[in-house]
Amino acid sequence: MRIALFITCLADALFPDVGRTTVTVLERLGHTVEFPRDQTCCGQMHVNTGYQEQALPLVQRFADTFAPYDAVVAPSGSCVGSVRHQHALVAERFGTRELQQQVAAVAARTYELSELLVDVLGVTDVGAYFPHRVTYHPTCHSLRMLRVGDKPLQLLQSVQAIDLVELPAADQCCGFGGTFAIKNVDTSSAMLADKMRHVTSTGAEICTAGDSSCLMHIGGGLSRLRTGAKTVHLAQILAATRDRPMVLAPGGQDAGVHAGPEAVA
Amino acid sequence: MSAVDLGMPALPTSPRGTGHLRGDESFPDAARRSLTDSQLRRNLGKATSTIRAKRAAVVAELPDWEELREAGRQLKVHTMAHLPDHLVQLEEAVTARGGVVHWARDAEEANRIVVDLVRATGADEVVKVKSMATQEIALNEALEAAGIAAFETDLAELIVQLGHDKPSHILVPAIHRNRAEIREIFLREMGDVDPELSDEPAALAAAARQHLRRKFLSAKVAVSGANFAVAETGTLAVVESEGNGRMCLTLPETLITVMGIEKLVPRAQDLEVFLQLLPRSSTGERMNPYTSMWTGVTPGDGPQAFHLVLLDNGRTAVLSDAQGRDALNCIRCSACLNVCPVYERAGGHAYGSVYPGPIGAILSPQLTGIEDNASLPYASSLCGACYDVCPVKIDIPSILVHLRAEHTETYAAEHRLPSVEASAMKAAAWVMSNPTRWTLALRSGRLGRVLGRRRGVIGDVPLPVAAQWTATRDLTRPPQQTFRDWWAAEHTATPSEDEG
């Protein structure tokens, strides 16, 4: 099976380890992952902010770039949600009939990481080891758009030495919402305050999720308040092993959350 | 597809200057203030979490809840597709049973019709059943201007009216008030209340009952809304909890019902679906205590004159938009408000319209025209909780996204210069539509590493957009190497990308 990684623009720019660890996990399971370099962004920001026509070249690029692969995996429920639900909308309004068909075909083969692992590859124990207290935030688009259900939790429950604790009011939005966090900064921050309160109430060192965007939001708040709790992507936890454990070093989000000696922090 | 896209003349929206569909300020500005109201935050947090839990419990009891939702959705979609026929059928049925049907193009016309009808009876006061349609058109204000006093009889609406306040929730208009505030309002405004009144809910309800009973017995005219109208029989239905509606609908001589044209169901049998969906979604009850149904006039029983005012006020414009029209399917249960994290924190007044929360964010901008409520489609993180609980499965997040596009496209059509945001989005699309440009742009992000050297994260950045983010959140420090540069470095040793 030819698996292509869709890194997402955010992880490419700010969270490269999320991509590297996604590759690590899949390779450890015996799969080869390719990274088509023509990829850029799914266009969700444009669509969600009201600029659907400008998303057209991005939708076209996504469909062209990923057409040759059997499966496309992205470490983001939100971006996969955009591919599955919004690309058809953009193609219908502004694209050709050919693009509409292309988009439908690629969307059907595009998976969020936990979907690929559990549904397609049939794995829940990926051989990970993570001796930390962790709480899981099911991001809105994973939960309600993709309906990933408890797949990420199944993966986490199979991680050795993990102390997985339930997040109160887990299904509540963290307040990110893309440009919502900027346009409605006050409401967004009020939502974030409650999410952080629930995270810190668990005593977890780590809040994890399947979306770097939401984690950037929650982590940015936890860091601002010096709570000591950090955000780590699901892929980073799944990549950590006894031989190559993740080191939780001091510093910001780009320090100390790298699995294995290849870390560049 | 919006009318703008098709080059069609836009259908009339709700006129400016009449009614309560537009706020005085944008959602972010209004929310900035309401978020600092500790009492409001506490009341809303408590009330919405309580009602959320009640709803979840009674919905879980029904094994066929999803089938019911789908039935409700299909009934509404079918009704909207044949609305003109059903409306004419309703008019014929109501008329045949002795009622009089009036057609109101907009809020002004509806108010004029009701004022004239009340004047014709010689009455100078009316009792009112809780009604969103009459709040939408600001009927109370129109009646007052004509020298007619309107008395709200729903307990929460009474609290709002006595407090010279605005409703902040579709079902629980006084959700932003607590019992101490209600006691204070009653003591100040009721006149005939016992000065020893406590703030026990039972005592407050008793005081309201005593206050209202005199009005029920003296009023000659009642004004109501309607939850449903059955086209085939001409039957109107109001569901409620308190029984005050029942008093208004049965005691006065004249009953005037103002109803949005979207409230129709084709057949009486269709009510079996909605009368299951509505109370469970709305109050979290298996069944609402009072369901009143009436058909025209029954000699010797109940009001002897019945007028039905059918209100458009922008609804036909909503119906003409294929992507947005499902907003008309709303049965006003308010489940979407109760689960909405934005509503729970900002409160109903921040939306500026009588229709707050997620449904308001898609309904109000469509009724008024997008530019009069341009900030509302953005008043959502698109978390999707509203869609999950909607009893008629309105895909609110998709309509929000659609209305955002309508806003930016309308703005672009009406302005010669693009907005700053539009220019930024265009630039981003230009960069992202080409991998070389994108790679270079990503590398330039490394410049941001000079920030955040001390803590490893970036604190305050006094630049537009970044400042909004860093007001409450640290910013991630860009890594030394982007993913694609790391990948390229890893895979340059071998020409094939297939080697891990």
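Predicted model: local features only at pLDDT ≥ 70, side-chain atom pairs only at ≥ 80, totals over all residues.
In helix 2 of chain A, the buried residues are Pro16(A), Asp17(A), Val18(A), Gly19(A), Arg20(A), Thr21(A), Thr22(A), Val23(A), Thr24(A), Val25(A) and Leu26(A).

Helix 2 of chain A covers residues 16–28, which is 13 residues. From its first C-alpha to its last it reaches 18 Å, close to the 18 Å expected at 1.5 Å a residue. The helix is mostly covered, with 11 of its 13 residues buried. Just after helix 2 of chain A comes Gly30(A), which takes a positive phi of about 95°.

Where does helix 2 stand within chain A as a whole? The chain is divided into domain 1, residues 3–120, and domain 2, residues 133–239. The C-alpha centres of these two domains of chain A lie 22 Å apart. Across the boundary, 25 residues of domain 1 of chain A are in contact with 22 residues of domain 2 of chain A. On the domain 1 side, the elements that give two or more residues are helix 1 (9–14), helix 2, helix 3 (44–49), helix 5 (77–94) and helix 7 (113–120) of chain A. Which of them gives the most? Helix 2 of chain A does, with six residues. By class, this side of domain 1 of chain A has 11 nonpolar, 11 polar and three charged residues.

Thr8(A) has a positive phi of about 80°, although it is not a glycine. Most residues other than glycine have a negative phi. Is Thr8(A) buried or exposed? It counts as buried, because 27 C-beta neighbours lie inside 10 Å and the cut-off for a buried residue is 20 or more.

I now turn to chain B. The domain assignment gives domain 1 (3–29 + 330–414), domain 2 (42–316) and domain 3 (435–490) of chain B. Taken over C-alpha atoms, the centres of domain 1 and domain 3 of chain B are separated by 34 Å.

Within chain B, please look at helix 18, residues 385–389, where Val389(B) is found. Val389(B) is buried, because 23 other C-beta atoms lie within 10 Å. Which residues does Val389(B) touch, not counting those up to four places away in sequence? They are Ser281(B), Ala335(B), Cys336(B) and Val339(B). As for Asn338(B), this residue and Val389(B) are 51 residues apart in sequence and 9.6 Å apart in space, C-alpha to C-alpha.

The loop between helix 18 and helix 19 (396–414) of chain B holds Lys393(B). Lys393(B) has a positive phi of about 55° although it is not a glycine. With 19 C-beta neighbours inside 10 Å, Lys393(B) counts as partly exposed, because a buried residue needs 20 or more.

Finally, I come to the contact between the two chains. How many residues of chain B are in contact with chain A? There are 58, and they meet 61 residues of chain A. By class, the side of chain B that touches chain A has 30 nonpolar, 16 polar and 12 charged residues.

Note on methods: Residues numbered from 1 in each chain as written. Chains lettered and ligands numbered in written order. Helix = DSSP H or I, 4+ residues; strand = E, 2+ residues; numbered from the N terminus. Expected span 1.5 Å × (residues − 1). Buried ≥ 20, exposed ≤ 12 C-beta atoms within 10 Å, placed from the backbone. Contact = placed C-beta atoms within 7 Å. Nonpolar A, V, L, I, M, F, W, Y, C, P; charged D, E, K, R; others polar. Domains from an automatic or database assignment.
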